[in-house]
Amino acid sequence: MEFDGYMIHGSWDGSTLRVRGSNKAARLALAGHGQTADVTLSASQIGRLQLRDARRLINGELAITSVTGQTYKLHFRRKQAETFRRLMAALNESSDAEKTTRPASAGPAAELAPDADSGARHGPSAVPAPRLGRSQRRAARKQAKELAQRREQWQREHDLLQRLSHATTGIGDGSHWDGGLVLRPSEMGVWTGIGDLVEPRATGGAYTSGSRGASIRVAAGVRVRVGGVHGKYVPGQVEQTVVDEGAVTVTSKRVVFTGSTRTREWVYSRLVSADVHGDQVLLHVSNWQRVSGLSLGPSTDEFVAFLQIAMLIGEQGLAEASRVVAQEVKEHLEKRP
């Protein structure tokens with residue numbers, strides 16, 4: 001099957017997945033920092049799959065983690081969601097079939113395999129495991145579900161910290177940055193991705209009408225109104241609205257949006273605050289009265305994390321930022337559930 005996503009085109013023939021970004025920004029968002037080649041994965045290389053559906057203003061994402069730990073992100077529009085659900089089902093089916101055909105290792109799994117002679121060895125004196133009651137089974141299932149959720153959340157945070165560590169290391173030797181933005185002197189590129197520009201726009205208003213005066217009866221069933229008709233215009237509410245889509249770049253000095261019709265720049269020296277509202281990040285700057293920002297969909301957490309690191313690099317240098325990331329990775333490993 002062939003499929004089109006947001007700025008990507010790909011195919012799946014039942015054994016090999018191939019995905020190509022339409023431009024450099026799309027390829028960076030697809031394969032990660034420093035990776036600009038097409039993505040090619042066989043069924044045996046596909047590990048974990050995670051799908052986030054698209055909403056009215058937010059792109060969806062199919063995250064594919066390979067058996068080596070590399071994550072590839074396929075973004076798609078709401079109208080393309082059904083295609084990507086079928087793609088995920090096909091990838092899952094092929095990946096499961098591949099796992100069942102692999103030869104079993106004689107490692108830890110062999111140690112956990114039941115012993116065929118255990119009954120003969122232990123004889124009738126073997127004590128069977130006690131059966132759990134209904135409430136105990138329910139509590140055990142609840143604990144297992146909560147543990148799985150904590151491990152999944154921990155893994156997501158771990159993957160993000162690994163990307164931060166890779167970025168701070170790559171910045172030092174110059175191999176990290178391959179974005180399309182021309183950097184200024186002493187400026188370091190930190191992150192690039194795809195997002196939407198949001199700006200305040202007023203929704204449609206409405207007129208409210210009324211009348212004043214007197215109603216005079218002139219004949220049976222006939223009345224004439226004397227006076228005038230008056231009304232007023234009630235403006236609509238102002239909401240953050242998507243006005244363009246394009247590439248988002250984070251550097252050590254600024255955030256830049258480059259779209260098809262608009263370009264925006266938020267310089268850290270004038271940045272007052274960054275407010276996260278769901279999938280939107282509103283950037284308040286001192287020289288703008290109107291608050292604009294970015295809608296980043298599933299990449300919101302990653303953008304916020306890299307924005308913090310970028311500002312730290314700009315204020316205290318790359319060495320301090322690398323130290324902070326390394327300490328965060330260490331503490332996170334100690335909290336593994």
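Predicted model: local features only at pLDDT ≥ 70, side-chain atom pairs only at ≥ 80, totals over all residues.
Me: What makes Arg 264 and Glu 199 a salt bridge?
Reply: Their closest N and O atoms are 2.6 Å apart. The cut-off for an Arg side-chain nitrogen and a Glu carboxyl oxygen is within 4 Å, so the pair forms a salt bridge. Arg 264 lies in strand E13 and Glu 199 in strand E8, so parts that are 65 residues apart in sequence are tied together.

Me: And Arg 264, why is that one called partly exposed?
Reply: Arg 264 has a relative accessible area of 21%. Buried would need under 20% and exposed over 50%, so Arg 264 is partly exposed.

Me: What makes Glu 265 and Arg 254 a salt bridge?
Reply: Here the N to O distance is 2.6 Å. With the limit set at within 4 Å, the two side chains meet in a salt bridge. Glu 265 lies in strand E13 and Arg 254 in strand E12 (residues 254-259), so this pair ties together parts 11 residues apart in sequence.

Me: Which residues do salt bridges that share partners join into one network?
Reply: Good one to look at on screen: Arg 184, Glu 187, Arg 254 and Glu 265.

Me: Why is Arg 254 called buried, and why is Glu 265 called partly exposed?
Reply: Arg 254 is at 6% relative accessibility, and buried means under 20%, so Arg 254 counts as buried. Glu 265, with 28%, falls between the 20% and 50% cut-offs, so Glu 265 is partly exposed.

Notes. Residues numbered from 1 in each chain as written. Heavy atoms only, no water. Buried < 20%, exposed > 50% of the residue type's maximum accessible area, 1.4 Å probe, protein only. Helix = DSSP H or I, 4+ residues; strand = E, 2+ residues; numbered from the N terminus.
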